[in-house]
Amino acid sequence: MTRVHVTCTINGDPAEFLCDGGQTLLDALRDEVGLTGVKEGCGTGDCGACSVMMDGRLLCSCLVLAAEAEGSDVSTVEGMASGDELHPLQQCFLEGAALQCGICTPGFLVAAEALLERNPDPTETEVRYALAGNLCRCTGYDKIVRSVMAAARSINAGAGSGH
Amino acid sequence: MTITEANPGYKGYKYVGTRLIRPDGLEKVTGKARFAADLNLAGQLHGAVVRSPHAHARIVSIDTSRAEAMPGVKSVITGDDFPSVDPGHRQYDMCVNIIARDKVFYEGHAVAAVAASTLEQARAAAAAVEVEYEALQAVLTIDEAMADDAPVLHSHMLTRGAEPPAEAPSNVASVTRFSGGDLEAGFAEADFVVEREFSTKPVHQGYIEPHACVADTGQDGHTTIWCSSQGHFNVRSSTATLLGWENTRIKVVPAEIGGGFGGKTTIYLEPLAAALSSQAGRPVKMVMTRSEVFRATGPAPCAKIRVKFGARSDGAIVAADAHLIYSNGAYQGAGGMLGAMTVFESYKIPNFAVEALDVVVNTARSAAYRAPAAPLTAFATETVLDEIAEELGIDAMDLRLKNAVKEGDPSTMGFPLARVGFAECLEAIRSHPHFSAPLGPNQGRGLAAGYWFNIGESSSAIVNLNEDGTATVVTGSPDIGGSRASMALMAAEELGIDPHDIRPVVGDTEAVGFTDITEGSRATFATGRAVVEACRNMVIELRGRAATMMEAEVGDIDWVDGHAVYTGDGDSEGKEPLSLAVIAGKAKRTGGPLTATGSLEAHGAGPSFTVHLCDVEVDPETGVVSIVRYTAAQDAGTAIHPSYVEGQIQGGVAQGVGWALNEEYIYDSDGVMENPGFLDYRVPVASDLPMIDAVIVEVPNPAHPYGVRGVGEAGIVPPIPAVANAIHSATGCRIRDLPMSPVRVLEAITAAGARANGG
Amino acid sequence: MAVRVHLSSNLRGPTGGVAEIEGSGANVGALIGDLERQYPGLGDALRSGVSVVIDGLLIAHPQYYRLADGAQVFFVPQSAGG
Ligand code: FES
Ligand code: FES
């Protein structure tokens, strides 16, 4: 079986990996690259646990072929913190107790980051609709939504004080 | 047994009741936390399961030769590779559910398993295992199971509890009866009698992480299993039972667990992976697909319920009668029994009778789901109470307050209840602004209550002090909702050190004493008590070490806020208080490492009551129900970590709302599940729900040193009737069949409209 | 120890429906032995899947739980959880 050689950027660093033609990006990230922070809850695009960013687009990595990542810029939960500094979303999730089991957390963080990039000051309703593709069975979403809004406030306050 | 130094209520505590950032949180927000499917071992094989396409069939033969010859295949197993098991065995059902022997009982039932170098090879080989079935007539519903000419699933199953004793096998596994007072006299006293029927569908726990494990058998036969489970000691003993191995041959390492809700209190994959690994001599990883999770793992039972209540015009409930039939899937279960124990438990009803049947059908074996059986009995009781309140012109809250059980009232099972917080929860809701907030057009408000017993069982803990004065707390309870944070807080309170200096960990089966499954809302209660006991033993040791260092008598040393303090009347020269860190640093010179254990069987689990208030808006054109506001008050005894208590309440509400409005297993006429994925089995998403206001009520449980009652389960009990009552308030329609989907709601509205027009 | 025994209604078959009976034993296991002598069949009914409540404490595995004279012992079905 010939394997496909993929060259891309993952979490800001150049990366290359071999994958099978039919392998999903989710499986390649987990099994070939070792980024097991990307989770599989369904494999069919219905739970959002496998959310990653590819070239600035939020997508379910279980629905993308790994080979499609050639030349692209992929980011996962593992790339969110810079050095020992957590992303405000990560910090707010911790402080807001936005996770119980934590299996959905990587997907929510990536999806929420995508939301805040698009809409830095979302209303509660906007947060709820933007995250409707991510399932959480533990929290009832309350603390997740609050934490995303707290992160937005903290990012905006930081940006404000910077000027 | 008495609990010493009971100190109810956390007001006076330094750490208990604070919102510590959970110690395992960082790994979870950075993607580093290791769940079972994240583990990969060198030389690892991948397993796949061959599953029955039939809901009910006899296995005529299994031919694995073609599969064995396929590329990459290292091992193929069937039921014949496991010791035979007798129907009288305590774990017979679990054993034959994990791998079928001569019959399959549901579509998706495991009949064989394969390990190969790659997952694709394993799946291809699984498809090449040739199983010849003789299809049998499938029994899919309660009515079919109880029909006179129904095919009997299990020829050994005689109805337990039948009077006179059952002589012939049937699909009724057991019958449970409770009664009290004089039912006939009770109903004769009633001014208003109402009888209603309810029906529900199976629903799944819906944890986002599919079942997964890795098993690795060494040359000596010793096997290590990493898995996602609510109870790794149970994984060990169950796997050992199935394989006929000793417990010492298996070590189970609990991975982080991606949700369980009761569904991971039993096991499915681990013995298969262990058997494949020991045959192949290589590690074997097995991960279920979402479809396998739906088809082959624990849905919650569904039920048909008939209840009859009699009330006096002053609102006193004087008589109640219930007939419950729970369908537990392919094997006997406890749905009906638990339903019988919960249906009338919240109210003081002088005359009552309950009869509950547990039946088997050809669907997946049911598993526990958060407060098993209680959401369904609450659906019946709480909606009928609402109807009684309406009929008698009494406020729904007042009716409940009038009849609510309190300390000393007899439970359904006869014993006087200990201190419970039901009235306090009702009052908390009544005084909440939500209770009197105005409603908009097409909106309605529903009130409902619920409770769960909670359980105790066995737990073990170890506290090790490190030489720098930090501590490691090891317990045997898998952390499914933030329990490590609670353990750190309780240990901090006892030892008098900062919780950030405590590392709480979940030990594997060789690292800590036996601990029962994390279920029955028991971790913070029972394992928390083991941690407290270990810490108190540690304090005794620390006082002894301090006595050595101070050259004093241990009886003259107290432990105060993390310090050994001399309180004797001798010369206090050289007897300044010693901090835990100082004592720990000198441990080598005072007797060696500082380690203490706590292990116990925890008596006195305290029930948790809860009261919910739900506002819905019903679209009269489509029947779509939106939840617009939700408030839930629950008695936590004492909230060790309020955020995770709130989280349990909010999570329970969301699951209950899903159960009420959307979730159901849909089978075709052959018993094949038609919606085994999250697209068609729709669980609530963020945009389906409002904020859920969780109000923590604290009526301490005297059997826990900090007053803890378990909180994990009760939250799922009231949402179904709260939503149903709210729909009635919005539309005037009572819906008694789940789910209350748009189609069903619209039908009810239309029918009511037709009745109104016709009348 | 002489104690007062209360049977939940599903456990009263062997007593012919009687809810409250007298029994004695140093611990719950011995008490069950005594009850079996008085009411054949009751011992089996009480030995598995049954918990007791004594002084408001629910005890899931009570065999060796010591009894005080005059205790009120409630036998109830075992509960579970998810
Ligand atoms: S795993 Fe990709 S959406 Fe669920
Ligand atoms: S925290 Fe468990 S699924 Fe979201």
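Let's start where chains B and C meet: 38 residues of chain B are in contact with 19 residues of chain C. Here, "in contact" means that the C-beta atoms of two residues, placed from the backbone, lie within 7 Å. On the side of chain B that touches chain C, strand E7 (172-180) and helix H10 (335-342) of chain B each supply at least two residues. The largest share, five residues, comes from E7(B). Helices (H or I, at least four residues) and strands (E, at least two) are DSSP runs, numbered from the N terminus.

This is a predicted model, where local features need pLDDT of at least 70 and side-chain atom pairs count only at pLDDT 80 or more, while totals for chains, interfaces and linings use all residues. Residues are numbered from 1 along each chain as its sequence is written, with chains lettered from A and ligands numbered from 1 in the order in which they are written.

Now for chains A and B: 42 residues of chain A are in contact with 43 residues of chain B. Helices H2 (88-95), H3 (105-118), H4 (124-130) and H5 (142-162) of chain A each supply at least two residues of chain A's side, and the largest share, four residues, comes from H2(A).

Here's how two of the touching sides divide up:

Finally, look at helix H1 (residues 25-33) of chain A: seven of its nine residues are buried, so H1(A) is largely enclosed by the rest of the structure. Buried means 20 or more other C-beta atoms within 10 Å of a residue's own, with C-beta atoms placed from the backbone. What covers these buried residues includes strands E1 (4-10) and E2 (13-19) of chain A.

Note on methods:
A residue is buried if 20 or more other C-beta atoms lie within 10 Å of its own, exposed if 12 or fewer, and partly exposed in between; C-beta atoms are placed from the backbone.
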